[in-house]
Amino acid sequence: MSRLIVVSNRLPLGDAPSGGLVVALQDALKSSGGVWVGFSGEVTPDAEPALRSHPGAAFQRLSFDLTPDEHETYYLGYSNSILWPVCHGRPSLTRILPEYLDGYDRVNARIARMLARELRPDDRIWVQDYHLFPLAAHLRALGVTARIGHFLHISFPGPGDCAALPNPGQLFDWLSHYDLIGFQAERDLGAFAESARQLAGADPADPRHFDLCGRRVRAGVFPIGIDADSFMAEAACAPDSDRMRSLTGAKMMIGVDRLDYSKGIPQRFRAYQLLLDKIPDLHEKISFLQIAPPTRGEVEAYQTIREETEHLAGRINGQFATLNWTPIRFIHRPFPRPVLAGLYRQARIGLVTPLADGMNLVAKEYVAAQDPQDPGVLILSRFAGAAETMQQALVINPHDPTEMAAAMAEAMRMSKSERRDQHAALLRDVVDHDVAWWSDSYLKTLG
Ligand code: ADQ
């Protein structure tokens, strides 16, 4: 059996499987004697030129360190100050410096050199996400002939946003070295086709095969899911925490996101403010818990979003709070999965309102965590990849505060039978298209 080699920016270290991706790939890695390669999380001036092995998992794990300069240029720079804003439709938030592209390409070349030494000709290599676009090109240059696939977890930019990259043509050249490029949603495949046509003269042989930069590339849509069964089980046995119950018995609305400008957190705060302003009857009857651990704090755009959201939450509490009721609790800390599952289950409304998002797993986790007899309501942005398959949610435009506030009011009003019908349809999709389905269908297509 050919080995599966997974390469991602971060290597899952820690003892417990840290997320759906690990759970999904664990079996394939274990049964094929496979390897997971990724960044160790350590930034050190003496990053070794060889991969380091981490025993103790069901599969082999190999890591690399980054030097401070590589971390600055490859990770914070090209990946998160150029590609991330461009792929999320925010080119005005890019910071383009020539050393970012240099560092990004150099780190990918270094990973390719370290990885090539470990490879066998019949391995299948599965590269994850936007940090590693050039990896296949560097592996090919070293003579690697194995099958190489890429999966993009975030959305793909249309031609207008792609043109804001310092190197739009080169992006397509990098991608042309993969055998299969996987996207989250039809929307992303469409954007890829159009951008590749306009910016790199790509010729679609059919909707799923492209002649790109002199090579034939296959592309497809593989919407990622969650580890639905275990999430449902965790939520069902989560203790109903009394500490979470508000003094006024208010129904909870929950948002769970990394603190990122793509997630639409200020928009959701403004819609909530409008709701409380327009419908005083809801005062003390609804309370909003927003959990948002900060990420990428070294990047300026993330400092700005933190200030903006803290300011808005403070203003809403100042304006509406009573002695018994705090309208918003804004918590900057990650929670263990079982705690999160219990919080989702207690929440009458799950608020997922990104301005742009590859998929958004919180939408799926929220649905899986509900009590099917008395489920809560999902309010979902039409700009999340999840909206392509989760049409039974209350799908909204996150830029329109009136529409979002109306959806919150509607979710508070909905009868139990309406909520059950809506939830049953959503749950079917979450269970049928879980993370194991995602990895199986991708790897089958890769061959
Ligand atoms: P992210 O942008 O990180 O992922 P998302 O899909 O929402 O976004 O996944 C976040 C994960 O982190 C969820 O599993 C969530 O439970 C967890 N999480 C968030 N806040 C947490 C907290 N405070 N405590 C604990 N856990 C927390 C990228 C893309 C997405 C795509 C995923 C997977 O941007 O669009 O869905 O990859 O492909």
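Is H138 buried or exposed?

## H138

H138 is buried, since 22 other C-beta atoms lie within 10 Å. Buried means 20 or more such atoms within 10 Å, with C-beta atoms placed from the backbone; exposed means 12 or fewer, and partly exposed falls in between. This is a predicted model: local features need pLDDT of at least 70, side-chain atom pairs count only at pLDDT 80 or more, and totals for chains, interfaces and linings use all residues. Residues are numbered from 1 along each chain as its sequence is written.

H138 sits in helix α4 (residues 135-141). Helices are DSSP runs of H or I, at least four residues, numbered from the N terminus. Neighbours within four places in sequence aside, H138 is in contact with N108, A109 and A112. Contact requires C-beta atoms, placed from the backbone, within 7 Å. H138 and H177 are 39 residues apart in sequence, and 9.0 Å apart in space, C-alpha to C-alpha.

## Helices α8 and α11

Helix α8 (residues 228-236) packs against helix α11 (residues 337-346) at about 70 degrees, with axes 8 Å apart. Therefore α8 is roughly perpendicular to α11, a label for angles of 65 to 115 degrees. The axes are lines fitted to C-alpha atoms over the stretch in contact, and angles run from 0 to 180 degrees between N-to-C directions.

From α8 come F231, E234 and A235; they meet R337, P338, A341, G342, Y344 and R345 in α11.

## Ligand shell

Among the 18 residues around the ligand, H153, P334, G358, M359 and L361 come nearest. The shell criterion is a C-beta atom, placed from the backbone, within 6 Å. Helix α12 (residues 361-369) gives the most, with 3 residues.

Notes
Helix = DSSP H or I, 4+ residues; strand = E, 2+ residues; numbered from the N terminus. Parallel < 35°, antiparallel > 145°, perpendicular 65-115°, else oblique. Contact = placed C-beta atoms within 7 Å.
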